[in-house]
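Please read it alongside the sequence and the coordinates.

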Amino acid sequence: MTVRSFSLDAVSLSKSYGRTRVFENVSFSIATGESAAFTGPNGSGKSTLCDIAAGIRRPGRGTISHYLNGAPLQGESLLRVTGLAAPRVNPYDELTGMENVRFAARARGADPLTAAPLFEFFGLARHRDKLLRHYSSGMRQRLKLILSVLHDPALLILDEPGANLDDEGRWKLAEFIELIRARTALIIATNDRGEAALCSSEVRLD
Amino acid sequence: MIEAILANIAKDFRIEFRRRFAVNVALSFAAITTLAVSLTAGGARLETRTHALLFWIIIFFSAMNGLSHVFTREEEEGTALFLRTTSPELAVFTAKLVFNMAVMAVIAAAVVPLYVFFLNVEIASPGRFALVACAGSAAIASSTTALGAIVARAGGRGSLFTIISFPVVLPPLWVSIKATQASIAGGGAAQSIVFLLAFSGALVAVSYMLFGHIWIEE
């Protein structure tokens, strides 16, 4: 595996929708091997901040910069090194689990064969050829996690990763995070203290 | 980028093949409208201008029933964010444009024989007529694909798509009607076909420039 150095610097981020302020003056930094938990009450902007960190939403004010091995990232280059699993990120119901994986891998320039051990790890190997509309909510969550890490992202953002997972699924998630921690910058948005404890720092949104 | 475009094209066609929503709705509308026009005409001999007008009205409204679906589906089913996290915006737009071109090709391929058969149209230059139908359909698809994304982001349905598409589609529609009239009567249509292709190219170029602003959330 290649050695990589990713860093994200967010300075004085603010976001409003119309007159409704979501959050204001949020700053944080994260680099490869580090992790941060976004915590705060419902509506405090955790998911919005995840989207901004992933580069799929623009902040109202402030700056956010992503670097890989010293080179700035944006657009397609950022997309290729970022993984996002969130309740609002839904794969296609009309495709099977494996077809969703093939689509995501091909679109990101990754190898879909890397998904086989992930399907095994998350206990979905038997269900990979089922249409997604026949998946349970827990199985969907496991597939979302697979899709987010398929391309070995340098920045992994997990928004409520334990949602709909049973005890075994949560244990697998914690185990997986330990496996990838050293070579990934990890962000977890959660209200679950157990998930927040998986991270080395906390960004509190009030 | 090429791989991302191909992945998106394959995904859109696979989902449409399993659902057949966009094509079925558009074809049903085209068939019903052509039949209704034919029954209303009641075998009367229509002028070439009237034929051209009715032909493009059927194509336009059939297209409006099918073209916006490719983006509204992504927003309605909550898959748009998954798409944003997996594919570059230009790959998404290109794939949707190819899909809409294919939908227009299917609509034109269905409407042309239906219209000619049911309304008993005698076309003096069938080759030119077919070229005008292709170029006009391509212009409609080119000019409305990015609008489909705007309507989908606005949570809009088909009616809103038709309303905001009409001013953009009006120039190619007008030229297509003129060229169709000429081809039915046996006249030349080369300049109109060049205009329709140039219009398509210009609208695609503008859409590529603007699509990032439509696609990335504020």
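A salt bridge is taken here as a side-chain nitrogen of Lys or Arg within 4 Å of a carboxyl oxygen of Asp or Glu. The model is predicted: local features need pLDDT of at least 70, side-chain atom pairs count only at pLDDT 80 or more, and totals for chains, interfaces and linings use all residues, while side-chain values use heavy atoms, with hydrogens and water left out. Residues are numbered from 1 along each chain as its sequence is written, and chains are lettered from A and ligands numbered from 1 in the order in which they are written.

**Contact between chains A and B**

B:Glu3 forms a salt bridge with A:Arg106, with 2.9 Å between the closest N and O atoms. Between chain B and chain A the count is four salt bridges. There are also eight residue pairs in polar contact between chain B and chain A, both residues at pLDDT 80 or more. A polar contact is a pair of N or O atoms within 3.5 Å; within protein, one must be able to donate a hydrogen and the other to accept it, and residues adjacent in sequence count only if both atoms are side-chain atoms.

On the chain B side that touches chain A, α1 (2-19), α5 (80-86) and α9 (190-215) of chain B each supply at least two residues. The largest share of that side, 11 residues, comes from α1(B). Helices (H or I, at least four residues) and strands (E, at least two) are DSSP runs, numbered from the N terminus. By class, the side of chain B that touches chain A has 11 nonpolar, eight polar and 10 charged residues. In this scheme Ala, Val, Leu, Ile, Met, Phe, Trp, Tyr, Cys and Pro count as nonpolar, Asp, Glu, Lys and Arg as charged, and the others, Gly among them, as polar.

The contact (heavy atoms within 4.5 Å) takes 29 residues from chain B and 27 residues from chain A. About 2700 Å² is buried between chain B and chain A, and carbon and sulfur atoms give 59% of this area. Buried area is the accessible area (1.4 Å probe) that two parts lose on being put together, summed over both.

**Strand β7 of chain A**

Buried means under 20% relative accessible area, exposed over 50%, and partly exposed in between (1.4 Å probe, protein chains only). Five of the five residues of strand β7 (residues 155-159) of chain A are buried, so the strand is largely enclosed by the rest of the structure. A:Leu155, A:Ile157 and A:Asp159 point one way from β7(A), and A:Leu156 and A:Leu158 point the other way.

Two strands pair if DSSP finds at least two bridges between them. Strand β6 (residues 82-85) of chain A runs parallel to β7(A) and is joined to it by four bridges; A:Gly83 has A:Leu156 as its bridge partner in β7(A). Five bridges join β7(A) to strand β8 (residues 185-189) of chain A, again in parallel, and the partner of A:Leu158 in β8(A) is A:Ile188.

A:Ile188 is also among the residues touched by A:Glu195, not counting residues up to four places away in sequence. A:Glu195 is found in helix α7 (residues 193-196) of chain A and counts as buried at 7% relative accessibility. A polar atom of the A:Glu195 side chain lies 2.8 Å from the backbone nitrogen of A:Gly162.

**Salt bridges within the chains**

Side chains of opposite charge can pair when their charged atoms come close. Over all chains the count comes to 27 salt bridges. Three of these pairs are tabulated.

| Pair | Closest N and O atoms |
|---|---|
| A:Asp166 and A:Arg142 | 3.0 Å |
| A:Arg142 and A:Glu168 | 3.5 Å |
| B:Lys11 and B:Asp12 | 2.9 Å |

A:Arg142 is buried at 9% relative accessibility, whereas A:Asp166 is partly exposed at 42% and A:Glu168 is partly exposed at 43%. In chain B, B:Lys11 is buried with a relative accessible area of 2%, and B:Asp12 is buried with 0%. Salt bridges that share partners join B:Lys11, B:Asp12, B:Arg73, B:Glu74 and B:Lys96 into one network.

**An exposed glycine in chain B**

B:Gly188 sits in the loop between α8 (158-185) and α9 of chain B and is exposed, at 63% relative accessibility. B:Gly188 and B:Ser125 are 63 residues apart in sequence and 8.8 Å apart in space, C-alpha to C-alpha.
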